[in-house]
Amino acid sequence: MLHKTRGIVFKTTDYGESSIVVQVFTEKFGLQSYMVNGAKKPKAKISRNMLQPLHLLDMVVYHKETGNVQRIKELKTSPMLLTIPYDVIKSSMAMFLNEVLYKAVKQQSADEQLFEFVFSAIEWLDNQTEGLANFHLLFLIRLTRYLGFYPDRYLAGEADYFDLKNGVFSKYKPDSILYLSPPHTQNFTALLQSTFESIANVKLSNDDRRYLISKLLEYYAMHIEGFGNIRSHEVLEEVLG
């Protein structure tokens, strides 16, 4: 059976001398692996350059419910990313977000709301020209809504603490060491109440940003089994800092 679907590239792995296996988060089938024969050849119909991390795709694919590795009939990058591959801040953000997504998104079934969020966020990043410093923070917060551990916003703006273990705001210091305290709670609340369009209005120092990203990654690790360590945020921090 042939199917049309949009896709977002997560990871490519070499296979043999000229082929690759690419993991694509698809709109119709969730996360799928596709064999692309000859992708490393100079005149390949589907080249490796078309399958860089977070590239957006229109695909025509063969799909077998029992298959571990699927096949692609046709593929084009759409919309073409015009700035992310060439802008050092955007490409560093994409590398970081790609690592998070690869470790966080596992389902091999359709999740159209999650797909639409990620697809639209990448498009927004590609088209935006300024006010990007907090984009990755808001992306991580928004992504939790689709992964099942979005913060409970009750008491947001009133509480001094955010309990990372339970995902709730609290007026009292939590029993564990896993929490945000002032001023980081207030910074986190400001991000939580922002949109991508208004994110530039949240003023954070580089140190505040580093602290929040480390705590957000702890939050992810607590709620996603096998999430492990993320390393690419260190590169991003160097670029932003």
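This is a predicted model: local features need pLDDT of at least 70, side-chain atom pairs count only at pLDDT 80 or more; totals for chains, interfaces and linings use all residues.
Local features were taken at pLDDT of at least 70 and side-chain atom pairs at pLDDT 80 or more, whereas totals for chains, interfaces and linings use all residues. Residues are numbered from 1 along each chain as its sequence is written, and side-chain values use heavy atoms, with hydrogens and water left out.

The largest nonpolar core holds 58 residues; such a core is a set of buried Ala, Val, Leu, Ile, Met, Phe, Trp, Tyr and Cys residues joined through side-chain atoms within 4.5 Å, where buried means under 20% relative accessible area with a 1.4 Å probe, protein chains only. Ile8, Phe139 and Leu140 touch the most other members. At least two residues each come from strand 1 (2-15), helix 1 (88-104), helix 2 (112-127), helix 3 (135-147), helix 4 (184-192) and helix 5 (206-223). Helices (H or I, at least four residues) and strands (E, at least two) are DSSP runs, numbered from the N terminus. Helix 2 contributes the most, with nine residues. Leaving aside residues up to four places away in sequence, Leu140 is in contact with Phe96, Leu97, Val100, Ile213, Leu216, Leu217 and Tyr220 (contact: heavy atoms within 4.5 Å). Another core, of 16 residues, lies apart from the largest one and includes Phe29, Tyr34, Ile46 and Leu75.

Three cavities of 30 Å³ or more are present. The largest has a volume of about 80 Å³, and its lining includes His136, Arg209, Arg210, His233 and Glu237. Helix 5 and helix 6 (232-240) are the elements that give two or more residues to this lining, which has three nonpolar, four polar and three charged residues. The second largest cavity, of about 50 Å³, is lined by ten nonpolar, no polar and no charged residues, among them Leu97, Ile122 and Phe139. Helix 1, helix 2 and helix 3 each give two or more residues to the lining of the second largest cavity.

Key. Buried means under 20% relative accessible area, exposed over 50%, partly exposed in between (1.4 Å probe, protein chains only). On a 1 Å grid over the protein atoms alone, a cavity is a set of points where a 1.4 Å probe fits but cannot get out, and a pocket is an open set with protein on both sides within 12 Å along at least five of seven lines; lining residues have an atom within 4 Å of a point. Grid points are joined across faces, edges and corners, and a volume is the space filled by probe spheres set on the points. Ala, Val, Leu, Ile, Met, Phe, Trp, Tyr, Cys and Pro count as nonpolar, Asp, Glu, Lys and Arg as charged, and the others, Gly among them, as polar.
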